[in-house]
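Hello,

Here is the structure we talked about handing over. Please open it first, then read my notes below.

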Amino acid sequence: MSHDHDHDHAPIETAGEISEFEVLETAIRELAIEKGLFSREDHRRFAEWAETVGPHGGSKLVAKAWTDPEFKARLLADGTETCREVGIDWRDPTGSGTPSDYTFFYVLENTPEVHNVIVCTLCSCYPRPVLGMSPDWYRTPNYRRRLVRRPREVLAEFGLHFPAEVDVRVHDSNQKSRFMVMPMRPAGTEGWTEEQLAAIVTRDTMIGVALPQVGWTAQKPPSQAEDAMHGEARA
């Protein structure tokens, strides 16, 4: 499989206009505020909190699973319960008791024979307690509608090209089920600490539209990240 192959596909882009789901969300939010279910300040504080979550929880889960076979087995068997071992409680993800946020959480393991990728065809369901807020492109009709029909074509637009013998599986989130991909550990990371490994497990690798690479983290450009990783390995 390749990550740098040139192709003629138009990349997934963010929609320039407000979607019908954003209009609906605004209408429901305003109605909920009017009915006294929560205040504008409550919503502002929640939005601020949500923006701080990020994909760090998911990265921690994957890195620990890569280095601890027993933890990995528990995580694949019951993601919802095992998340509590690293401080993520799906039953109370915001710390303020929001039962609508509770879902069943499933971790999908990539192998040489199977590549998993997640989507929400209905709207934008996403494993926020472990990955933070979803990227704009994840919510676009372009991604949501096409991934389930032409997954290889869409993945190619992200730079992923798989041979025919690799089974590409698309998992559609819903109101009560959330999915996260556990990517394969890349070669060249033998002896790395969990912290080093977590740095290369980026958001997109856990959505399934990218693969972890030794020379890339979400915090640094590729060249700087590679230099940093090599320096830590030598240390």
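I start with K72. This residue is partly exposed, at a relative accessible area of 24%. Bear in mind that the model is predicted. K72 pairs with E109 through a salt bridge, with 2.5 Å from N to O. E109 is partly exposed because its relative accessible area, 29%, falls between the 20% and 50% limits.

Salt bridges elsewhere

The structure has 12 salt bridges. Two of the pairs are worth a look.

- R29 bridges to E25, and their closest N and O atoms are 2.9 Å apart. Both belong to helix α1 (residues 20-34). They are four residues apart, about one turn of the helix. E25 counts as partly exposed, with 37% relative accessibility.
- R40 bridges to E30 at 2.7 Å, N to O. Here the link runs between distant parts of the chain, from R40 in helix α2 (residues 40-53) to E30 in helix α1, 10 residues apart. E30 is also partly exposed, at 29% relative accessibility.

As background, side chains of opposite charge can pair when their charged atoms come close.

The core

The largest nonpolar core has 45 residues. Which of them touch the most other members? The answer is L61, F105, V130, Y138, Y143, M180 and I207. Helix α3 gives this core its largest share, five residues.

Leaving aside residues up to four places away in sequence, M180 touches G58, L61, V62, F105, Y106, V107, L108, I118, V130, L131 and M206. Among these contacts, L61, F105 and V130 are also on the list of core residues that touch the most other members.

The second largest pocket

This pocket has a volume of about 540 Å³. It is lined by 26 residues, and those closest to its centre are T202, R203, T205, W216 and A218. Three helices each supply at least two lining residues: α3 (56-67), α9 (194-200) and α10 (203-207). What is the make-up of the lining by class? It has 14 nonpolar, nine polar and three charged residues.

Best wishes

Notes: Residues numbered from 1 in each chain as written. Predicted model: local features only at pLDDT ≥ 70, side-chain atom pairs only at ≥ 80, totals over all residues. Heavy atoms only, no water. 1 Å grid on protein atoms, 1.4 Å probe; cavity = no way out; pocket = protein on both sides within 12 Å on 5 of 7 lines; lining within 4 Å. Points joined across faces, edges and corners; volume = space filled by probe spheres on them. Nonpolar A, V, L, I, M, F, W, Y, C, P; charged D, E, K, R; others polar. Core = buried A, V, L, I, M, F, W, Y, C linked by side-chain atoms within 4.5 Å. Buried < 20%, exposed > 50% of the residue type's maximum accessible area, 1.4 Å probe, protein only. Contact = heavy atoms within 4.5 Å. Salt bridge = Lys/Arg side-chain N within 4 Å of Asp/Glu carboxyl O.
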